[in-house]
Amino acid sequence: MRNLFENWREFLDATKKCPEEASDPALNNEKRGEATKKAMYGPANPELENDEYWEEYAKHAPGEPNPEEARTMICGNCAFFNVTKRVLECLEDSVADEPVEQFNAGMFGYCEKWDFYCREERSCLSWASGGPIKDKE
């Protein structure tokens, strides 16, 4: 059954156009804001310790992790974090205008759950194990 899902996902991914948010920064910011409000997308600056963020996140995160475990539940290993070649090509022009501090938060990817491009070092309460979504090697 898993192979059927993977083949379906590959087909869907290959035929899908670039996400609208990849070419519309205002829409991307709107979607990011929604994820921040509804799912605790953050922390704002991953370079800082952010103890308060991770303590609060741990209280609400799936599986009730402790704050140290919660720090490992990041976009970069989330099942919704899409870093396929097609998606990264879509994001190429969009991320060129991102503020320099954004580049300290890791690689860009596309969040399939909240429909916006995000950084691998952040997290949200929709985190799910098994990611990221990548091209088959």
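Leaving aside its neighbours within four places in sequence, which residues is C118 in contact with? I started my notebook with that one. The list I got is Y41, C75, F81, M107, F108, G109 and C111. A reminder to myself before going on: this is a predicted model.

**Entry 1: the sheet**

I looked up the strands next. I found 3 of them in an open sheet, ordered β1-β2-β3, with antiparallel pairing. The edge strands here are β1 (81-82) and β3 (116-119), and each of them pairs on one side only.

Then I went through the pairings. β1 is joined to β2 (residues 108-111) by 2 bridges. One of the residues I checked was F81, and its bridge partner in β2 is C111. Between β2 and β3 I counted 4 bridges, again in the antiparallel sense. F108 has R119 as its bridge partner in β3. I also noticed that R119 lies over the face of F108, 3.6 Å from the ring centre.

How many residues sit between β2 and β3 in their hairpin? There are 4, and D115 in the turn has a positive phi of about 60°.

**Entry 2: the cores**

I wanted to know what packs on the inside. The largest nonpolar core has 22 residues. Y41, W54, Y57, F81, W114, F116 and C118 have the most contacts inside it. The largest share comes from α4, with 4 residues. Apart from this core lies another one of 7 residues, including C90, L91, F108 and Y117.

Y117 turned up again when I looked at charges over rings. The charged end of R32 sits over the ring of Y117, 6.0 Å from its centre.

**Entry 3: aromatic pairs**

I found 5 aromatic pairs in the structure. To describe such a pair I need the distance of the centres and the angle of the planes. For Y41 and F116 the centres are 5.0 Å apart and the planes are at 85°, which is edge-to-face. Why does this pair tie together parts that are 75 residues apart in sequence? It does so because Y41 lies in the loop between α3 and α4, while F116 is in strand β3. I checked how covered the two are: Y41 is buried at 10% relative accessible area, and F116 is buried at 2%.

The W54 and Y57 pair is edge-to-face too, with 5.4 Å centre to centre and 70° between the planes. These two are about one helical turn apart, because they are 3 residues apart in helix α4. Are W54 and Y57 buried or exposed? Both are buried. I also saw that ring pairs link Y53, W54 and Y57 into a cluster.

**Entry 4: a glycine in a loop**

I picked G42 next, which lies in the loop between α3 and α4. Its relative accessible area is 4%, so G42 is buried. I then went back to C118 and checked the spacing: G42 and C118 are 76 residues apart in sequence, yet 9.9 Å apart in space, C-alpha to C-alpha. Leaving aside neighbours within four places in sequence, G42 is in contact with Y53, R122 and S123.

**Entry 5: salt bridges**

E21 counts as buried, at 7% relative accessibility.

Another salt bridge joins D51 and R71, with the closest N and O atoms 2.4 Å apart. I traced where they sit: D51 is in helix α4 and R71 is in the loop between α5 (67-70) and β1, 20 residues apart. Both count as partly exposed, D51 at 38% relative accessibility and R71 at 23%.

R71 also forms a salt bridge with E68, where the closest N and O atoms are 3.5 Å apart. E68 is exposed, with a relative accessible area of 54%. I wrote D51, E68 and R71 down together, as they are linked in a network of salt bridges.

Terms used:
Residues numbered from 1 in each chain as written. Predicted model: local features only at pLDDT ≥ 70, side-chain atom pairs only at ≥ 80, totals over all residues. Heavy atoms only, no water. Pairing = 2+ DSSP bridges. Core = buried A, V, L, I, M, F, W, Y, C linked by side-chain atoms within 4.5 Å. Buried < 20%, exposed > 50% of the residue type's maximum accessible area, 1.4 Å probe, protein only. Contact = heavy atoms within 4.5 Å. Phe/Tyr/Trp six-rings, centres within 6.5 Å; stacked < 30°, edge-to-face > 60°. Lys NZ or Arg CZ within 6 Å of the ring centre and 35° of its normal. Salt bridge = Lys/Arg side-chain N within 4 Å of Asp/Glu carboxyl O.
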